[in-house]
Amino acid sequence: MHIRIETESRRGLRIIGEIPDIPLCRIEGYNGIGKTNAIKLLRLCTGAQPFIGNDHSWKTFRSQLKSARVIIKELNGAQEIEWLIDSSRWPNVAEPLGELIGSIRIDGKAARPRDISPLLSVHHVMAADTPVSVLTDRISTAQKRIRAWDVEVGGQRQEEIELALGELQHKITGCTPAQLAHDLTVTAEADKLADSLTRQLEAARERIKLLDKAVEVATQLTQVRGRGPEMDQKIQELAARLESFDEQRQELDGQIAKASTQKHLSEKAEKEFDNAQKHLIRQDKTFRTLRSHLQHLAAAASVEPSDDELTAARSDLSQHLNALLEKLPRIHATPILVNLLNSLIFSLQSAEQEDLGKTILIGADQEGSFWTVTALREAFQHQAELLGEETPSADAEQLTDEIEKTRSRLDAITQAEGVLEELEAAQTSLGKAEYRLRKATQGLPAQTAQTLEDLMQARNALDQESRTVQGDHARLCHARELLGGGKTEEALAAELVQLCREVDVEVARLRGHREKEQVELENLTRREAQASQQSALARRTSEDRVSDVTSTAHFLSESPDIPWLRRAVPEISSLPALSPNKQAEILLKVASVIDRARDTLASTYSSLRGIETAFGRLGTSIAEPDGKRGTETASDRAAKLWLADEVRQWFDSEVVRAALFDGGQDVKLDPDSLQLSWTAADGELNERPLAAFSSGQQAFAYTQAQVANLDKDENAASNRLIALDEFGSFIDAKNMAALAKYLQARQAQAPNDQVLVVLPLEISPSMASLNGSTDERVSALRQRGYFAEAFYL
């Protein structure tokens, strides 16, 4: 095979450019000229990765080699193989390149890496390799692989798995049977307490209503006994006057009718006068009815029946009603707000007990102010006190009653305003009717007309006085209705006795008992409101808990991301069909499985990192067998057992056993003493420390064994390049001659192998060559720093 290498590199990377077609070839040159790098590049071309376990060297090689062209000719089975290499596509981690090596052509045709394996393989045998060095290197490589995997993949993978497990466990944490049962129990107890207080409150309210009614009747009775007879007498007097006014009005109407019927000039004038008089009577009746109604409405609204007074009263009452309506939600919300503030105050006090009082809890706002834990707690306490003071002595029901009373007054004022408009219209109609009647008298004689005018004036004066008396009567009747509800003293007394019997209270103690029960009602109202709110909160909490359990159960049974969890806990598949309590029981089991998985994950990664550390100690103990030893850990033991198995597999080659153990069998490594033992051909058991396998003789024997091992490969490539590197430093002249003899002898058996013996430069250009080729060596050394020739000694 003839090999030519063209490279473009940076920062001092050197690779020799040619390996001639010499079956047993010796290459000797200056250190750093690129002999070993050429072998490594050829191994990369044939699919191997010589940098495995040494990522640092790989990154250096990759970054310094920009591109390369490798051509190998005169092969068995092909005329030429060509690689065009672009290292920019190579990975950062040392691993076989495969298609990333670059483009390949075999005999001018495009090829792939798998087409190279049957044609060509490159093998690199280091003379420095001894059993001890190889084992130490394997330990170091294993340690580096673990460390690299942990840093680049393992640590991140552990975090990802831990995060995923943590999220699952967090999702399940609030779904345990104990929590669900606790929430359901709390809800049941809260509902029970709220129902009980609601019943008590309803009974207390009914009793307070009876007591209020009894107190009201007692007050009415007292008022009736004090002012009732006087007011009744006054009302009777006013009613008698109104009745007298009606009689006088009828008499005047009769006189007017009699005078008009006697003195009309014509039948038509008489008829017109009669109609005008009847129309006046109707308008007057309408006017008096509306005026009486207005007086009653004004009395109910406690306002004078004038337009200005009604407007002012309606404005004041509207503002008062709005204030009451704004106050009502605060009264209803006060208990839950106070509970919320107290809860926050308790949490902040707990923080203060941990010396966090001066810690800024809320950062500065636009005004530059901020809130510490203590400041926020004090603000909450102040607000809680204000809310407590806002709550009136009467409960929300009393406020509602006041709102209804205010609305009733507003309604009365609204009606009064409407009636006032009707009254003004009726007054206008009445004036027109009077004018019509006066006009109808124009057909009468002067004396008769004067008489009728006097009668009508008398009637108007009577109407005016009647209006005044009617207003007084309406106001006094309304006051009498309020006084005792319009009932007599006997009726009120009987009603009071009946009410006192119903509430089982003596009349003399009625007011004191009512005040006491009113205080109890207010306390019961607040307790019931708080209990109802607590019940609603507990119900929402338990409903949320049930919802969490159900949704978590469906998530675990349906999520495509966690089939592994369903395999670990098969019961998960049946979760959707179960009750929340049963679901919670299985979720508790799932949480336990996840908890164990997290422990196993942490233990596994800890053990892995312990193995990495143990490999380091094991390598040191092999390199320094007499060094100080610490206490053996489980990881140390595992590393030694791994090494013992590696030794068993490595020495399982007949060629290696023949070279190192004279054909011995059953080679073992004691993991404790690091002693090798084997059974000799004569059956004798031999032992030797592992460190004893590090001499030059062992290096020569091991090299022979490695080459012989290659010869046993039944699937070897058609062409092989076998490079024996660094032999000048580890093998003396005697063993070197023996090596040359061995290699020349095997050449006949492997005609398609090209063996390359790489040596450091041992002569200067001025020294005479043993074969008389001094000029060629000198020229080659000066031109490219190395020379190549047939290897023989």
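**Strands, helices and salt bridges in a predicted model**

Reader: Which residue of strand 6 stands opposite I81?

Author: This is a predicted model, in which local features need pLDDT of at least 70, side-chain atom pairs count only at pLDDT 80 or more, and totals for chains, interfaces and linings use all residues. In strand 6, the residue opposite I81 is I106.

Reader: Over how many bridges do strand 5 and strand 6 pair?

Author: Strands are DSSP runs of E with at least two residues, helices are runs of H or I with at least four, and both are numbered from the N terminus. Two strands pair if DSSP finds at least two bridges between them. Strand 5 covers residues 78-86 and strand 6 covers residues 102-106; they pair in the antiparallel sense, and the number of bridges is 5.

Reader: Which residue in the turn between strand 6 and strand 7 has a positive phi?

Author: Strand 7 (residues 109-111) pairs with strand 6 in the antiparallel sense over 3 bridges, with R105 opposite A110. The two strands form a hairpin with 2 residues between them. The positive phi, about 55 degrees, belongs to D107.

Reader: Is T525 buried or exposed?

Author: T525 has its place in helix 12, which spans residues 510-558. The C-alpha atoms of T525 and A204 are separated by 9.4 Å, although these residues are 321 apart along the chain. A residue is buried under 20% relative accessible area, exposed over 50% and partly exposed in between, with a 1.4 Å probe and protein chains only. Because its relative accessible area is 10%, T525 is buried.

Reader: How many salt bridges does the structure hold?

Author: Side chains of opposite charge can pair when their charged atoms come close. A salt bridge is a side-chain nitrogen of Lys or Arg within 4 Å of a carboxyl oxygen of Asp or Glu. In this structure their number is 28.

Reader: How many residues apart are E162 and R598, whose salt bridge links distant parts of the chain?

Author: The side chains of E162 and R598 meet in a salt bridge of 2.3 Å, N to O. The pair links helix 4 (residues 131-173), which holds E162, with helix 14 (residues 580-623), which holds R598. E162 is partly exposed because its relative accessibility is 29%, and R598, at 23%, is partly exposed too.

Reader: With which residue does R514 form a salt bridge?

Author: R514 is buried, since its relative accessible area is 15%. The closest N and O atoms are 3.6 Å apart, and the partner is E515.

Reader: Which helix holds R777, the salt-bridge partner of E789?

Author: In this salt bridge the closest N and O atoms are 2.6 Å apart. E789 belongs to strand 16 (residues 786-790), 12 residues from R777. Both E789 and R777 are buried. The element that holds R777, residues 774-784, is helix 20.

Reader: What share of the residues of the chain counts as buried?

Author: The secondary structure of the chain comes to 20 helices and 16 strands. Of its 793 residues, the share that counts as buried is 41%.

Notes:
Residues numbered from 1 in each chain as written. Heavy atoms only, no water.
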